[in-house]
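Subject: Structure handover

Hello,

Here is the structure to take over from me. Please have it open while reading the notes.

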Amino acid sequence: MSIQWYPGHMTKSKRKLQEQLRWVDVVLELGDARLPLSSRNPLLKGLLGDKLRVLLLNKADLADKTRIDKWLSELGKECPVLAISAMTNTGIKRIVPLLEEIMAEKMERLALKGVRGRSIRAMVVGIPNIGKSSLINQLTGGSQAKTGNKPGVTRGNQWIRIHPRVELLDTPGMLWPKFDDPEIGRKLAATGAVRDEVFDQEELAHWLLQWLRDEYPQDLMNYYGLTEEELNLESIGRKRGCLISGGRVDTFIAAQIFLREFRSGKIAKVTMD
Ligand SMILES: Nc1nc2c(ncn2[C@@H]2O[C@H](COP(=O)(O)OP(=O)(O)O)[C@@H](O)[C@H]2O)c(=O)[nH]1
Ligand SMILES: [Mg+2]
């Protein structure tokens, strides 16, 4: 469920996140493979300091493979990055080996200080609806095998063992979506990352339709069985039987159906950034 973000919410989330960060070695930053930039909060970088980070572009099952590959090499310059799907379980098995790899040096340093056999401590961080709970479920195999309370983990947070050498904080870190840029806001709304009530559905549908006509015209035409000239909300509504008296199309209902079909990935696999 997405939330409307007010400054107060942001301050509270930020404080909680800072508290959680103290206990982990590495952060699994969750982004949306359809929005490799817009689904992430740029402030995270500052909050992390020199803490290790892995970027996981989730919902890859809904995204454009060619475009993701480009983003992987681009964003990979900044930190290790994987495309995953917490829905289809894609890429999940690559996470632990990656954590062990990037933590190897720190573990060696700890071993030199006499600290041996300590698990890697990780946590999942991301905006609402990005798939944090789904990922935690995949990593824990749905098991609630908590490893018990540990010093420092207050307010009910617990560690879950996901591997003999890796533990995960059971409560994900919350980041707030950053949608002061209207373009980013529309992309987040189109993918369902912000609550529907925040945007005018019909306006959003018109914008998305135009965007799809520009970026993925063939997929759009094939899915609705319409010609390029017919690619408008009226024709889509007619195809879906959204009629009101006088044979006119109920464009509000048509907009809702169109947005739902887009979000399910049925129309096209897209990457909007
Ligand atoms: N298609 C798809 N849907 C996903 C994926 N991961 C999560 N979801 C869906 O996204 C929605 C939000 O997921 P959730 O784990 O509750 O997100 P959270 O708010 O970050 O904890 C749910 O409807 C999930 O089923 C994914 O990889 N692919
Ligand atoms: Mg959740």
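Predicted model: local features only at pLDDT ≥ 70, side-chain atom pairs only at ≥ 80, totals over all residues.

Residues are numbered from 1 along each chain as its sequence is written, chains are lettered from A and ligands numbered from 1 in the order in which they are written, and side-chain values use heavy atoms, with hydrogens and water left out.

Whole chain

The chain has 10 helices and 9 strands; these are DSSP runs numbered from the N terminus, helices being H or I with at least four residues and strands E with at least two. Along the principal axes, the C-alpha atoms fill a box of roughly 80 × 40 × 35 Å. Of the 273 residues, 48% are buried (buried is under 20% relative accessible area, exposed over 50%, partly exposed in between, with a 1.4 Å probe and protein chains only). Taking contacts (heavy atoms within 4.5 Å) between residues at least 6 apart in sequence, 68% join residues at least 24 apart.

Helices α7 and α10

Helix α7 (residues 201-215) packs against helix α10 (residues 251-263) at an angle of about 50°, and their axes are 9 Å apart. Axes are lines fitted to C-alpha atoms, for helices over the stretch in contact, and angles run from 0 to 180 degrees between N-to-C directions. The pair α7 and α10 is therefore oblique (under 35 degrees is roughly parallel, over 145 roughly antiparallel, 65 to 115 roughly perpendicular, and the rest oblique). On the α7 side the contact uses Q201, E202, L204, A205, L208, L209 and L212, and on the α10 side T251, F252, A255, Q256, F258, L259, F262 and R263. By class, this contact of α7 with α10 has 10 nonpolar, 3 polar and 2 charged residues (Ala, Val, Leu, Ile, Met, Phe, Trp, Tyr, Cys and Pro count as nonpolar, Asp, Glu, Lys and Arg as charged, and the others, Gly among them, as polar).

E261

Helix α10 also holds E261, which is buried at a relative accessible area of 9%. Its side chain makes a polar contact with the side chain of Y224 at 2.5 Å. A polar contact is a pair of N or O atoms within 3.5 Å; within protein, one must be able to donate a hydrogen and the other to accept it, and residues adjacent in sequence count only if both atoms are side-chain atoms. Leaving out residues up to four places away in sequence, E261 touches Y223, Y224, R240, K266 and I267.

S39

S39 sits in the loop between β1 (26-32) and α2 (44-48) and is buried, at 2% relative accessibility. A polar atom of the S39 side chain lies 2.9 Å from the backbone nitrogen of D32, and one lies 2.6 Å from the backbone oxygen of L35. Beyond four places in sequence, S39 touches G31, D32, I127, I130 and L188.

Positive phi

K59, not a glycine, has a positive phi of about 60°. K59 is in the loop between β2 (52-58) and α3 (65-75) and is partly exposed at 22% relative accessibility. N129, also a residue other than glycine, has a positive phi near 70°. N129 lies in the loop between β4 (120-126) and α5 (132-140), and is partly exposed with a relative accessible area of 33%.

Regards
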